[in-house]
Amino acid sequence: MDDVAVMSDSTITLVYRGPRKRAALWRPAVEAKCSQIRWQNWPDEVSNPADVQILVTWLPPEDYLSLFPNLKVIFSVGMGVDQFSPQQLPEHIQLVRMQDENVRASMIEYLTGAVMMLHRDSYSYAQLQQQTLWQPSRPKLAHQRTVGVIGLGFLGKAVAEHFATLGFKVNGWSRSPKTIDNVASYHGQNQLRDFMQSVDCLICLLPLTPATENMLNRDTLSWLPPGASIINVGRGQHLVDEDLLALLDNEHLSHAVLDVFREEPLKQEHPFWTHPKVHITPHVAALVVEESAAELMADNIQAWLQQTPVSGSIDKTRGY
Ligand code: NAP
């Protein structure tokens, strides 16, 4: 409790690492709400690293844990926190991420486009057009397809609800069971196979943790019904690239829409670029909107200073 008194009375040093354009928006928002914050841009404004208690960044500076021996909290400027290896952070350091409504809205827009392209065979017709081929197939209606969402958290739950309102059958898979209107809940490793077997279009919205890395592999993807498609908007490390390519080449899977990759930017020579059944976007499904995020960051820092619950706090033992 001594910490509370120290925090409310004295100056707290915050180090920000990232584009200065963002700092110009966020710094006034944070300083307006939290008068005791002394904001310093990394690296040129950092006078004494031992004073630093708050780090705001996407990627931390090298050796930051020894550089900032009095660090108490890290605020990720994005939704993901896998870059901080949460399970390896010292116990006393809190980790917080953005939970931006605009990111959720953007993810729903992106996935609506991708699912509808797949649902209405638009990627296949684009290929047929290249060959000047007129080959109609009877379209299915939404209620004849099952959209499957793995990861039913901040983004996945809203995405699952959205596709249910569009009339799709929706099944979701997560670690713990869920009750979501018009969404069938599957959970845990024991129910993964049944879940995968039920899905025509799989959306990955898992966080990257040791338990979810390489989850989309030859075995699990083979459980999808023939002709199914996948959309990966989670992290590139969820997917084993060679296994996906093998299942597209042997026609078990029909298409893959990929927004995230093991290595970004995707290397020029990667086979995904030219594969006719792979559709790539450069990690743009849902980006933090700088203006609304400024207020969110300021609110989160204020909540942390006041020792009230901070939205987006990470459970470091789970890793998300
Ligand atoms: P979140 O709120 O942390 O939700 C995670 C969900 O995954 C929870 O439902 C959780 O289950 C489930 N889960 C975690 N580990 C699991 C496991 N081992 N087995 C089964 N289920 C597991 O995540 P989010 O904020 O929705 O973000 C989802 C992903 O989107 C992240 O990878 C993030 O980096 C990515 N993302 C991508 C973009 C983009 O532009 N492409 C933008 C933003 C975010 P419980 O509910 O049972 O705990």
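A search of the whole structure, which is a predicted model, finds 0 disulfides. Cys201 is in no disulfide, and the cysteine sulfur nearest to that of Cys201 belongs to Cys204, 12 Å away. Seen from Cys204, the closest cysteine sulfur is that of Cys201, and the 12 Å between them is too far for a bond, because a disulfide requires the two sulfur atoms to lie within 2.5 Å.

Cys201 has a relative accessibility of 7% and therefore counts as buried, while Cys204, at 0% relative accessibility, counts as buried as well; the cut-off applied here is under 20%.

## The open parallel sheet

An open sheet of 5 strands is arranged in the order β2-β1-β3-β4-β5, and the pairing is parallel. Strands β2 (37–41) and β5 (94–96) stand at the edges, where each has a single partner strand, so that one side of each is left without a neighbour in the sheet. On average, and with direction ignored, neighbouring strands of this sheet are turned by 20° against each other.

Within the sheet, strand β1 (residues 12–17) runs parallel to strand β3 (residues 52–57), and 5 bridges join the two. Thr13 has Val52, in β3, as its bridge partner.

## Helices against the sheet

Helix α2 (residues 20–33) packs on the sheet and touches β1, β2 and β3, with a direction that makes about 175° with that of β2. Helix α10 (residues 290–305) lies across β1, β2, β3, β4 (73–76) and β5, and runs at about 165° to β4.

In soluble globular proteins, nonpolar side chains tend to be buried together. The largest nonpolar core of this model has 33 residues, of which Leu111, Ile203 and Ile231 touch the most other members. Two or more residues of this core come from each of the elements α4 (101–119), β6 (146–150), α6 (156–165) and β9 (201–204), and α4 gives the most, with 8 residues.

How values were computed. Residues numbered from 1 in each chain as written. Predicted model: local features only at pLDDT ≥ 70, side-chain atom pairs only at ≥ 80, totals over all residues. Heavy atoms only, no water. Pairing = 2+ DSSP bridges. Helix = DSSP H or I, 4+ residues; strand = E, 2+ residues; numbered from the N terminus. Axes fitted to C-alpha atoms, helices over the stretch in contact; angles between N-to-C directions. Contact = heavy atoms within 4.5 Å. Buried < 20%, exposed > 50% of the residue type's maximum accessible area, 1.4 Å probe, protein only. Core = buried A, V, L, I, M, F, W, Y, C linked by side-chain atoms within 4.5 Å.
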